[in-house]
Each structure stands twice: as C-alpha cells, then as structure tokens.
Amino acid sequence: MRSLCPLWLILLGSSFVPFVSFVARNSVATMSEAIPFSNNAKGEPLLSVENLEVRFSLGPNRVLTAVDKVSFELYPGETLGLVGESGCGKSSLGRAILQLIRPVSGKVGFLGQDLTQLTGSALRSMRRQMQIVFQDPRGSLNPRWSVGRIVEEPLRVHQLAGRDERKRRALEMLGQVGLAPSYFNQRPAQLSGGQQQRVGIARALVTRPKLVVCDEPVSSLDVSIQAQILNLLQELKEELGVAYLFVAHNLGVVRSLSDRVAVMYLGQFVETAPAAALFDRPLHPYTKGLIASVLRPDHTARAQLNAAASFAAGEVPGLLNAPSGCRYHTRCPYAQQRCREEPPVLEKVDKEHSVACHFWRKILDSK
Ligand SMILES: Nc1ncnc2c1ncn2[C@@H]1O[C@H](COP(=O)(O)OP(=O)(O)OP(=O)(O)O)[C@@H](O)[C@H]1O
Ligand code: SF4
Ligand SMILES: [Mg+2]
C-alpha cells in the first residue's frame with residue numbers, strides 16, 4: 001500500500017481521496033480489442049473494463065505503466081481471481097476500477113455508467129456499490145473509532161439509514177462476520193488480526209455493495225486464521241450475491257474461491273479462464289510456471305524441481321524497463337525471434353479461455 005493517507009480514509013467514500021501522482025487522461029491511447037471473457041454467468045456484466053491504463057509519474061521522463069490496456073468483464077455474483085508476481089499491477093488495477101487511482105485511459109463500465117467519467121457526488125454515490133477489503137486490516141481501520149462506528153460509517157456517509165437503523169444494521173453485519181455484539185464498543189487495537197479483518201469485511205459489506213475488491217485479504221493473517229476468513233468471504237458471497245475481484249498470491253486460495261482467474265504479467269493479462277480450466281490446462285508458459293512453482297504433492301520431487309527451475313530462469317524485469325514484444329520473452333523457455341519483436345494479443349482459445357502467446361498451439365502440440 002503506497003497511498004499517502006490512511007486506508008480507512010479512502011474507504012468511506014469521502015471526497016477526500018489524496019490520489020497518488022498520476023498522468024493526465026490520455027485520449028489518444030491505442031485501443032486493443034476488448035476480450036469479454038464471459039462464462040456461464042447469465043445476463044449483463046456487472047463490471048466491464050476496457051483498455052484500462054494506469055501510469056505513475058516517477059519524475060521527469062520516468063513514467064511507469066502499472067496497468068497496460070487491460071480488458072475484462074465480471075458478472076453479478078462472480079469471483080474473478082487475479083494472480084501474478086509482486087509488482088505486476090494487481091492492486092493498481094483493483095484501485096483503478098474503484099477510481100481510487102484515476103486511470104489515464106480506458107473505461108470502467110459499472111451499473112450502466114463509465115466510472116472514469118464520474119467525479120464528486122456522482123462518483124461518491126457509486127461507491128456504496130463497490131468496496132474494497134485491504135491486505136492490512138490494522139492500517140485500514142481508524143484506530144480512534146469504535147468497531148461500531150467504523151461499520152456504521154459507510155451507512156452514514158451514503159445517508160442510507162438514521163442513527164438507530166445504522167446501529168441495528170451494524171450489529172447485524174457484525175453478527176454476519178462472526179463478531180458478537182460486545183465488540184461494537186471496542187477499538188481496533190483490542191482485536192486480533194483476524195477479528196480486525198472481520199471488521200474490515202463488515203464495513204465493506206454493510207452497504208450491500210455489488211462489487212468488492214479483495215486485495216490480498218488474508219495474506220497478513222496467521223495461516224490458522226486465513227481459512228476462517230476465506231470461508232467467511234465465500235459464505236457472504238453466497239448469502240449476499242456480491243461479486244469479488246480477488247487478488248491473491250496463493251494459487252490454492254485462488255483456485256478454491258474463484259469462478260474464473262486472470263493471470264497478470266508486467267501490467268498485462270496473459271491468460272484468462274475458468275478456474276478449473278486454468279489449473280488443469282494452463283496454456284501460457286508463465287501460467288504454467290506459476291502453477292508448477294507451487295509444490296504439488298502429486299508430483300515427484302524431480303518434476304517439482306524442474307518446474308521451479310525453468311520458472312525461475314531469468315531476471316524478473318521491472319515495469320519501467322518492460323521487455324519489447326512479448327514481455328515474458330526474457331524468461332520464457334519457448335521464446336523465439338518473433339516474441340522479441342511482436343507483442344502477442346489476448347486471443348480466444350474457446351468461449352471462456354483466452355491466452356496471449358504466439359505459440360500456445362505449438363507448445364500444446366509438442367507435449
Ligand atoms: N503510488 C505509486 N507511485 C509510484 N509507483 C507505484 C505506486 N503504486 C504502485 N506503483 C508501482 O506500480 C507497480 C505495480 O504495483 P502494484 O502495487 O499494483 O503491484 P501488485 O501486483 O499489487 O504487487 P504486490 O503483489 O506486491 O502487492 C509497481 O512497480 C509499483 O512499484
Ligand atoms: S509469445 Fe513467445 S515469449 Fe511470449 S509466452 Fe509465448 S512463446 Fe513465450
Ligand atoms: Mg498489491
């Protein structure tokens with residue numbers, strides 16, 4: 001988290017969002033074809049992201065493109081897992097969708113509006129429908145407020161209920177996240193990390209949003225607590241019909257929670273597919289490497305070692321000096337001259353599976 005203000009300030013839908021430096025909107029961005037990776041989900045997408053681009057200005061002539069023309073759709077009640085190595089742009093994407101960071105170009109269609117075009121009260125009123133759960137529960141809660149006030153605050157900011165009703169709904173929400181009413185008057189510092197994250201989840205869901213960005217919501221918690229919080233998120237999703245954009249490093253977690261998964265590498269999506277298809281039949285060499293690098297008990301020690309070694313090959317380039325052509329070519333065991341020169345586009349393999357690799361068919365046939 002590199003924001004300049006406490007996380008709890010960002011969350012409240014307040015107009016006071018001290019955005020990090022960003023480059024002004026660029027209306028001449030090249031538009032690549034949007035890949036609506038729809039699935040069995042019915043109806044209209046809840047969220048439709050088109051060619052979204054996020055840049056950070058790091059000084060004179062130093063601009064870092066953290067999200068590079070990303071497109072996807074998310075359907076009501078769906079969970080899209082987002083995976084990729086540290087620094088590839090996952091959080092920037094999540095925040096740009098919520099307009100916590102303003103993208104330089106692209107569209108974020110949500111409930112019939114393009115969020116990138118909204119400001120002030122129009123944007124604030126959409127915020128009740130889209131929330132975020134942060135990685136660091138402690139840093140995301142105002143330490144001076146009681147748990148009850150923290151959970152009530154979104155209802156107050158969005159003027160959704162009077163005082164008594166706010167309290168009733170906050171208590172109900174605390175119950176839904178497994179916290180007894182006695183926590184209502186406690187301060188965050190009196191709670192464990194897992195309990196703090198339950199408060200963060202209660203605050204995110206109390207306005208009954210349609211979309212929640214979960215940005216590594218369990219990675220700062222003890223392993224024993226992680227499963228409880230993940231179960232809670234899954235139960236609440238089923239109960240409330242909320243859609244999640246779920247960012248995580250742990251592929252096991254992503255597999256178990258996600259309907260679909262998007263794999264990100266240096267600011268771009270390189271593969272998107274339903275979770276089962278992605279893990280059973282990964283097509284992009286990077287996805288294969290990611291999956292293989294997770295130790296699997298059904299693999300021999302040698303197979304694990306080979307997989308991990310081939311994945312680890314090569315330096316991980318940064319976003320500031322992203323390689324030409326296919327950005328993965330410096331690490332890819334299948335790279336050829338074309339890969340160094342021509343960026344692959346995300347192409348549909350079937351209705352639900354897309355991959356950005358010039359040679360995915362050849363690689364598949366060579367097995
Ligand atoms: N406010 C900022 N100012 C400048 N650069 C930033 C800012 N926020 C993010 N970045 C840079 O943008 C890139 C993407 O960062 P981001 O936090 O989105 O990655 P991530 O995939 O979420 O990483 P992690 O898995 O470590 O959380 C990184 O190179 C990061 O240093
Ligand atoms: S396009 Fe080339 S470098 Fe990129 S993943 Fe495919 S084979 Fe590897
Ligand atoms: Mg992150």
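Visitor: Which residue is the bridge partner of V133 in β7?
Guide: It is C214. The model is predicted, so local features need pLDDT of at least 70, side-chain atom pairs count only at pLDDT 80 or more, and totals for chains, interfaces and linings use all residues. Residues are numbered from 1 along each chain as its sequence is written, while chains are lettered from A and ligands numbered from 1 in the order in which they are written.

Visitor: What makes β6 and β7 a pair?
Guide: DSSP must find at least two bridges between two strands, and β6 and β7 (residues 211–215) have four, in the parallel sense; therefore they count as paired.

Visitor: Why are β6 and β11 called edge strands?
Guide: The open sheet of eight strands, with mixed pairing, runs β6-β7-β8-β3-β9-β10-β12-β11. In that sheet, β6 (130–133) and β11 (347–348) each pair on one side only.

Visitor: How do you know that α6 is roughly parallel to α7?
Guide: The axes, lines fitted to C-alpha atoms over the stretch in contact, come within 10 Å for α6 (residues 193–205) and α7 (residues 223–240), and cross at roughly 15 degrees. Angles under 35 degrees count as roughly parallel, which makes α6 roughly parallel to α7.

Visitor: Which residues of α6 and α7 meet?
Guide: With contact meaning that C-beta atoms, placed from the backbone, lie within 7 Å, residues of α6 including I201 and L205 meet residues of α7, among them L232, L236 and L240. By class, this contact has eight nonpolar, four polar and one charged residues, where Ala, Val, Leu, Ile, Met, Phe, Trp, Tyr, Cys and Pro count as nonpolar, Asp, Glu, Lys and Arg as charged, and the others, Gly among them, as polar.

Definitions and conventions
Axes are lines fitted to C-alpha atoms, for helices over the stretch in contact, and angles run from 0 to 180 degrees between N-to-C directions. Helices (H or I, at least four residues) and strands (E, at least two) are DSSP runs, numbered from the N terminus. Angles under 35 degrees count as roughly parallel, over 145 as roughly antiparallel, 65 to 115 as roughly perpendicular and the rest as oblique. Two residues are in contact if their C-beta atoms, placed from the backbone, lie within 7 Å.
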